[in-house]
Amino acid sequence: MNLKTLFKTILVSLLLIWGVSLISVSSNSLASNALAAGTSDTVESRIQPEGKVHLEGDPEPSTTEEKSAVEEEAEPPIGAPKLKRKDYPKVGASSRGIVWIAAQMHLFFAAFVLAVPMFVLVIEWVGMRTGDERYDNMAHEFMKITMTAYSITALLGGFLTFALFLLYPQLMNYMMMVFDMQVLVYAGLFFAESALLYMYYYSWDALRYGNKKWGHLTIGLGLNVAGTTLLVIANAWATFMMAPSGVDVTGAVTGDIWEIMKGPLWNPVNLHRFIANIAFGGAIVGAYAGFKFLSARTVEQRALYDWMGYTANFIAILAFLPLPFAGYWLMAEIYAYSQQMGITAMGGILAWLFIVQAVLIGTILLAGNYYLWSGMSRCEGSKRYTWMIKYIALILVACFLVWVTPHTLILSAQEIKQLGGSHHHLLGPLGIMPAKNIAVNLMLIVTFLSFQLYRRADKVATVSYANFLNALMVAIYVVAIVNVVFAGVYYGYFTNTVYKVGSSVMQVASTLVVIVAGIVIDTLLFKNAKTIPAVWGKVSNRSQYALFALPIAFTWLMALMGYVRSSVRTHWHVYTVMKDNSPDNFVPSIGYAGNMMTIVTIMFLGMVLFIFWIASLSETKQSKPVAIKKDTEKQPEAQEAGA
Amino acid sequence: MRILNNPVIAVVVAFVVAIILFYLLDHGIMSMQGLPLNSDLTPAQ
Amino acid sequence: MSGEANKQDVGTPIEPASNVLPKILIFSIALTLLFTGVANLLPQVEGEAPVDKEINLGTLTPESFATLGESLFMGKGTCTLCHKPAPLGRAPDIQGENMVGLAESALADERYKGDAKTPEEYIRESMVHPSKFVVKDWGVAGSNDTTSPMPKVDAAPIELSTVEMDAIIAYLQNKDGNDITVELPTEAPAPVEEVASSGGSGGTPAPAETAEEAVTKYGCQACHSMLGTKSPVGPSLEDVSARLNIEQINQSILDPAAVISEGFTDMMPKDFAEKMTIKELTMIVDLLSGKASVAEDKKEAAQ
C-alpha cells in the first residue's frame with residue numbers, strides 16, 4: 001500500500017475538519033430552546049402510586065411490571081448543589097492550594113507531551129524531505145524525552161483526580177453529572193494515545209525509510225490527533241466552569257454534550273493552548289539542547305546541540321509570536337460573554353497580574369532576541385547587520401518599561417496630595433491599554449526584525465530587483481511602526497471606547513503584515529542567493545543561558561495566566577451556576593499567588609532535570625571491565641577521561 | 001522595471017506602496033468591526 | 001553521565017563547560033525568584049467573596065440606608081467595575097454625575113421605550129432590564145445602542161436582592177442631594193417558599209371549557225380508567241354512574257377521604273375543592289354520571 005497517499009489523505013481531512021470547526025464560532029446560542037424535559041409539576045407527578053390495584057371483576061393483574069403514566073414522567077432536572085461552608089472536606093491544608101499545585105503540575109507536563117509530538121512530526125517530515133539525517137535524529141531524541149514525561153503526566157493526572165474528588169466531592173459530582181459519558185471517552189482515549197506513542201517511538205528505526213517512513217508519519221499523525229482530542233475535551237471542563245453552556249440558570253442540564261462543550265470560550269482556549277503548548281514544548285527541548293551543548297565533549301557534539309538549540313528556539317519563538325493574538329481573542333470572548341468577568345480580569349482585582357505578565361513576556365522577548373543576536377556570531381555575513389542590535393535593544397527596553405507601568409496605584413492620602421491626583425499625570429496614561437498595545441506590537445515587530453536579520457546573515461541577494469525589495473521591506477517596517485503608534489495614540493486617547501478597542505486589531509494586523517511581508521519578501525529576495533558559510537557551535541556559552549531563561553519564563557507565565565483564567569470566576573465553582581462557599585473562596589493576594597507559581601516552577605524544574613537525566617542515562621553504556629594483568633603497568637582505559 | 005533599481009525611485013515607490021497598503025488595511029480592519037472611518041481616518045460615528 | 005562512555009562521543013574532543021548543572025540550577029532559581037520578587041513587591045490586595053450582613057431595621061434611617069447602598073455599589077454590586085469615569089469606564093459614570101438628572105433626561109429621550117415614569121423606577125429598570133434603554137454610545141459594539149453590556153443585577157453572578165437594589169437607588173439619589181424616594185425595608189421579607197421547578201405555573205391556568213379539558217387539566221386519567229384510557233391506580237370510572245349517584249360523585253371529588261373504595265388506599269388529591277371552578281366540577285360530574293355524553297360536551301363547547 002502506498003502509505004504516502006494514506007498519510008496525505010488523513011492529514012488533509014484532519015486539517016479541513018479542524019479548520020471548519022474552529023471557524024464555526026462557538027457560542028452558547030446553540031443551546032436548545034426546549035425547556036428541560038420534565039419540568040412540569042403536574043397532578044400526575046404528585047400522585048404517588050403505591051402498588052398494583054386490582055378491582056373486583058377486573059382481569060387478573062399480570063405479574064410483569066406495567067409502567068403507569070406516573071412512572072414514565074421524567075425526573076425533574078437536578079441543578080447544581082448549593083453548598084455551605086461545612087459541606088467542604090477539611091484536610092488540615094488549603095484544599096485550593098493542593099488542587100492548584102496538582103493541576104498546574106499536570107498541565108505543565110500535559111502541555112509538554114502534547115506539544116513535542118507535534119513539532120517532532122514536522123521535523124521528521126522535514127528530515128525526510130531534505131534527506132538530512134540530523135533532523136530525524138533530533139526528532140527521535142525529542143521523543144525520547146517525551147516518553148518519561150508521559151508517565152509523569154499520567155501520575156500527576158491521577159493525583160489531581162484523587163485530590164479533586166477528595167477535596168471537592170460535590171463539585172465533581174456535579175461535573176460528572178454534566179459531562180456524563182464524555183469523561184469515560186476521555187479516559188478511553190488514553191489507550192489510543194499510549195498505544196500510538198509507544199508505537200511511534202519504538203518503531204522509529206524499523207520504519208525508517210521509503211514507504212515505511214510514511215507509515216511512521218501516519219502513526220505520528222494519529223498520535224497528534226489523539227493528543228489534540230484529549231486537549232479539547234479537557235479544555236471543555238475548564239471553560240464550562242468559566243462560561244457554562246447547555247445548562248439552565250440552576251445548573252440543570254438542558255442541552256446535549258456538544259452544547260455543553262461548545263461554550264463561548266472553548267475554541268479561544270483551544271487555539272491559545274494549542275499554540276502555547278508548542279511554544280512551551282519548544283522552549284523545554286531548547287533547554288535540553290542548551291544543557292547538552294554546555295556538557296558537550298566533542299566539537300561535533302557542540303555543533304549538533306547548537307543547531308538543535310537554534311531549531312528549538314525557532315519553534316518556541318515562532319509559536320510564541322501569534323500567542324498575543326490568540327490571547328486577545330480569548331479576552332474578547334470573555335468580555336463578550338460577561339463584561340463583568342472581563343473587567344475583573346483586566347480592570348479589576350486581577351489587573352496587577354498583567355503587569356507581572358509584562359515582566360515575563362519582556363523576559364521571553366529579551367531572551368529570544370539575545371539568543372538571536374548571539375547567534376549572529378556563527379556567520380561572518382552578520383557583521384552587516386550587527387549595528388542594528390543596539391537600536392532593537394533600546395526599543396525593546398523602552399517598550400518593556402511602558403508595558404510594565406501600572407495605571408492605578410494604591411496611594412495614601414499624603415501620596416495623592418503629592419501626586420496631585422490618584423494617577424500620575426505623565427505616567428498614568430501609559431498605564432492603560434492603548435499604550436500597552438503600542439508597546440507589545442513594537443516589541444513583536446522588532447523581535448521579528450532580529451529574526452529576519454539572523455536569517456539574512458548568511459545570504460547575499462543576487463536577484464536584479466534586490467534594491468526595490470529591500471526598500472519595500474524598510475518602508476513596510478517604518479510605516480507599520482508609525483501606524484501602530486498612530487492607532488494607539490489617536491484612537492486610544494482621543495476617541496471613544498469602542499474605537500479604542502477596535503484600534504488594537506488594527507495594530508495587530510500591522511504587525512502581522514510585517515511578519516508576512518518579511519517572509520514573502522525574503523523568499524523572493526534570496527532566490528539563488530549566495531551563501532556565506534555559518535559554523536554551528538561557534539557561539540558563546542553565555543548565549544545558552546537564554547535557552548534556560550526561556551522555559552523558566554514560559555513555565556512561570558503559564559502558571560500566572562492559568563491562575564488568572566481560573567480565578568476570574570471569583571467566588572464561583574461554575575460561574576453563575578454553582579457558588580463557591582469553601583474557606584478558600586476569596587481571590588488571594590498576588591504575592592501568595594506568585595509564591596505558588598514559584599513552588600510549581602521549581603518542582604517542574606526538578607522533574608524536567610530528572611527527565612533529561614533519564615534520557616541521557618538511556619544512551620549511556622558502561623564499558624565492560626577488562627582484567628588487569630599483574631605484570632604490566634599499562635591499564636587499558638576502561639573509562640573515558642574527563643567529565 | 002529597471003527604473004526601480006534607482007535607489008531614490010525605489011525608496012519613494014516603496015514608501016508610497018507601503019502607505020497605501022496600511023491606509024487600506026486601517027479602513028478595512030475598522031469597517032470589519034463595524035467602526036467606519038472617514039477619509040482622514042477619524043471615526044465616522 | 002560522568003566517566004561513562006556516551007555513544008555520541010566520537011570526534012574532536014574539547015573541554016566541556018564546568019559545573020554545568022549547578023550553574024543552570026542557580027540561574028533558573030534566581031530567575032524564578034526574580035519573578036516571585038516582582039509579585040511580592042506589588043500592592044497586595046485580597047478579594048473577599050460577599051458575606052451576608054445583618055441590618056438592624058430599627059435603627060435604619062434614609063441616610064444610613066443610602067450609606068449601605070454605597071457600600072453595596074462598591075462591593076457586592078460590583079458596579080464600579082464598569083461605572084467609572086472616562087476614559088476607563090465601560091458604562092456611564094453614574095457616581096460622578098447627577099443620577100437623578102441622568103434619569104430624567106433618559107426618560108425624556110425620544111428613544112426611551114421602557115415602562116418607568118420616575119427616576120426611581122428608571123434606575124430600578126436599568127438594573128433589572130438593562131437593555132430596555134441604552135444610553136447613547138454605550139451599547140454593545142455593532143448593536144447600535146439597542147443591547148446593553150450590563151448584566152441583570154438580580155441574576156447570577158451579582159444576585160442583588162430587592163432590599164439591596166433599593167439601598168443602591170437610595171445612594172444614587174442621595175449622593176447628589178436629591179430626595180430619597182425608596183421605601184425603607186420595614187420587616188423581614190416573608191420567607192420565600194422553595195418552589196420545586198415547575199412549568200406552566202406562571203399564574204392560574206385558564207378554566208377548562210369542556211368536561212374533557214377539565215379531566216385532562218386535573219389529571220384524572222393518571223389514576224382512573226376513563227374516556228378510553230386505563231389506569232389501575234384508582235377505581236375505574238368507566239361505569240361509575242352505576243355505583244355512585246351525583247352526590248356521591250361530588251363528594252368523591254371534593255372530599256376524597258370520606259369514602260375509600262374497597263381495595264384502594266387514601267391517595268386521591270384533597271385540593272380539588274380549592275382548585276376547581278364550579279363550572280369545571282359540574283362538567284366532570286355530569287360526564288361521570290352520564291348526564292352528558294362526550295359528544296354532546298363537544299357540541300356545547302363548539303357553540
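Modeller: Between chain B and chain A, the count of salt bridges is 0. This structure is a predicted model.

Colleague: What, then, makes up the side of chain B that touches chain A?

Modeller: By class, that side of chain B has 20 nonpolar, 4 polar and 1 charged residues. The area buried between chain B and chain A is about 2,100 Å², and carbon and sulfur atoms give 78% of that area. Polar contacts are present as well, with 5 residue pairs found across this interface.

Colleague: Which numbers of residues does the contact take from chain B and from chain A?

Modeller: Chain B gives 25 residues and chain A gives 25 residues.

Colleague: Why is the pair Lys579(A) and Glu159(C) called a salt bridge?

Modeller: The closest N and O atoms of Lys579(A) and Glu159(C) are 3.0 Å apart. The cut-off is 4 Å, between a side-chain nitrogen of Lys or Arg and a carboxyl oxygen of Asp or Glu, so the pair qualifies. Across the interface of chain A and chain C, the rule finds 1 salt bridge. Helix H21 (residues 590–617) of chain A supplies 12 residues, the largest share of the side of chain A that touches chain C. By class, this side of chain A has 42 nonpolar, 30 polar and 14 charged residues.

Colleague: How many residues of chain A and of chain C are in contact, and what area is buried between them?

Modeller: In this interface, 86 residues of chain A are in contact with 76 residues of chain C. The buried area is about 7,200 Å², of which carbon and sulfur atoms give 65%. On the side of chain A, Arg297(A), Gln339(A) and Gln340(A) lose the most area to chain C, together 9% of what that side buries.

Colleague: Why is helix H5(C) described as largely enclosed?

Modeller: A residue is buried when its relative accessible area is under 20%. In H5(C), 10 of the 13 residues are buried, so the helix is largely enclosed by the rest of the structure. The buried residues include Glu164(C), Ile168(C) and Leu172(C). Among the elements covering the buried residues are helices H2 (62–74), H3 (99–108) and H4 (119–128) of chain C.

Conventions:
Residues are numbered from 1 along each chain as its sequence is written. Chains are lettered from A and ligands numbered from 1 in the order in which they are written. This is a predicted model: local features need pLDDT of at least 70, side-chain atom pairs count only at pLDDT 80 or more; totals for chains, interfaces and linings use all residues. Side-chain values use heavy atoms; hydrogens and water are left out. Buried means under 20% relative accessible area, exposed over 50%, partly exposed in between (1.4 Å probe, protein chains only). Helices (H or I, at least four residues) and strands (E, at least two) are DSSP runs, numbered from the N terminus. Contact means heavy atoms within 4.5 Å. Buried area is the accessible area (1.4 Å probe) that two parts lose on being put together, summed over both. A polar contact is a pair of N or O atoms within 3.5 Å; within protein, one must be able to donate a hydrogen and the other to accept it, and residues adjacent in sequence count only if both atoms are side-chain atoms. Ala, Val, Leu, Ile, Met, Phe, Trp, Tyr, Cys and Pro count as nonpolar, Asp, Glu, Lys and Arg as charged, and the others, Gly among them, as polar.
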